[in-house]
Amino acid sequence: MNSKTPYTIDVEVESRFVPDQSQPTDNRYVFAYTITLRNAGDTAAQLMTRHWVIKDANGKVEEVRGDGVVGEQPWMRPGESFEYTSGAVLETAVGTMEGTYSMIADDGTQFDAPIPTFVLSIPRTLH
């Protein structure tokens, strides 16, 4: 059974630790993440707002809401993609992010594109 709807945005995430901007002795860990959005639906749609839930290893939770992403509100036809890179600062070496993008299709339908949970973590060293 195909669960695809006319309103489908695929979200892929790659995250990485940014050591030159981090200061572990001050509990400052900087991470960058690159997100690729692809309109897998049948209708063009525009990203209007974002909602992030950011958690660190100490249980601290921060919610971030705002218009668009990196100053843009990309509009994507079916099959088109949009990629951007942003960042997050945590007080711990490990954390997670997840959230949603609020979208509006060209036919006026509003829908959410879920951002799957992804891990922010400093690289591990094997001995």
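Trp52 is buried, at a relative accessible area of 3%; buried here means under 20% relative accessible area, exposed over 50%, and partly exposed in between, with a 1.4 Å probe and protein chains only. The model is a predicted one, in which local features need pLDDT of at least 70 and side-chain atom pairs count only at pLDDT 80 or more, while totals for chains, interfaces and linings use all residues. Residues are numbered from 1 along each chain as its sequence is written, and side-chain values use heavy atoms, with hydrogens and water left out.

A search of the whole structure finds seven aromatic pairs; rings of Phe, Tyr and Trp (its six-membered ring) pair if their centres lie within 6.5 Å, and planes under 30 degrees apart count as stacked, over 60 as edge-to-face and the rest as tilted. The rings of Trp52 and Tyr101 have centres 6.3 Å apart and planes at 80°, so this pair is edge-to-face. Because Trp52 lies in strand 3 and Tyr101 in strand 7, the pair ties together parts that are 49 residues apart in sequence. Strands, like helices, are DSSP runs numbered from the N terminus (strands E, at least two residues; helices H or I, at least four). Tyr101 is also buried, at 0% relative accessibility. One aromatic cluster is formed by Tyr33, Trp52, Tyr101 and Phe118.

Leaving aside neighbours within four places in sequence, Leu37 is in contact with residues including Ile9, Val11, Leu47, Met76, Phe82 and Tyr101, where contact means heavy atoms within 4.5 Å.

The strands themselves come next. Strand 3 and strand 7 pair in the antiparallel sense over 11 bridges; two strands pair if DSSP finds at least two bridges between them. Along this pairing, Lys55 stands opposite Thr96 and Ala45 opposite Ala105. Strand 3 also pairs with strand 4 (residues 61-67), antiparallel and over seven bridges, and here Lys55 stands opposite Val61. The hairpin of strand 3 and strand 4 has four residues between the strands, and Gly59 takes a positive phi near 90° in it. With strand 5 (residues 75-76), strand 3 pairs in the antiparallel sense over two bridges; the bridge partner of Ala45 in strand 5 is Met76.

In a regular strand the side chains alternate between the two faces of the sheet. Strand 7 has a covered face of Gly95, Met97, Gly99, Tyr101, Met103 and Ala105, and an uncovered one of Val94, Thr96, Glu98, Thr100, Ser102 and Ile104. Strand 7 and strand 8 run antiparallel and are joined by 10 bridges, with Phe111 in strand 8 as the bridge partner of Met103.

Gln110 also belongs to strand 8. Gln110 is exposed, with a relative accessible area of 65%, and touches Met103 and Ile104 when residues up to four places away in sequence are not counted. The C-alpha atoms of Gln110 and Gln46 are separated by 9.6 Å, although these residues are 64 apart along the chain.

An open sheet of three strands has the order 1-2-6, with antiparallel pairing. Strand 1 (9-17) and strand 6 (81-90) stand at its edges with a single partner strand each, so one side of each is left without a neighbour in the sheet. Strand 1 and strand 2 (residues 29-39) run antiparallel and are joined by nine bridges, and Arg16 stands opposite Ala32 in strand 2. Not counting residues up to four places away in sequence, Thr8 touches Arg38, Asn39, Ala40, Gly41 and Phe111.
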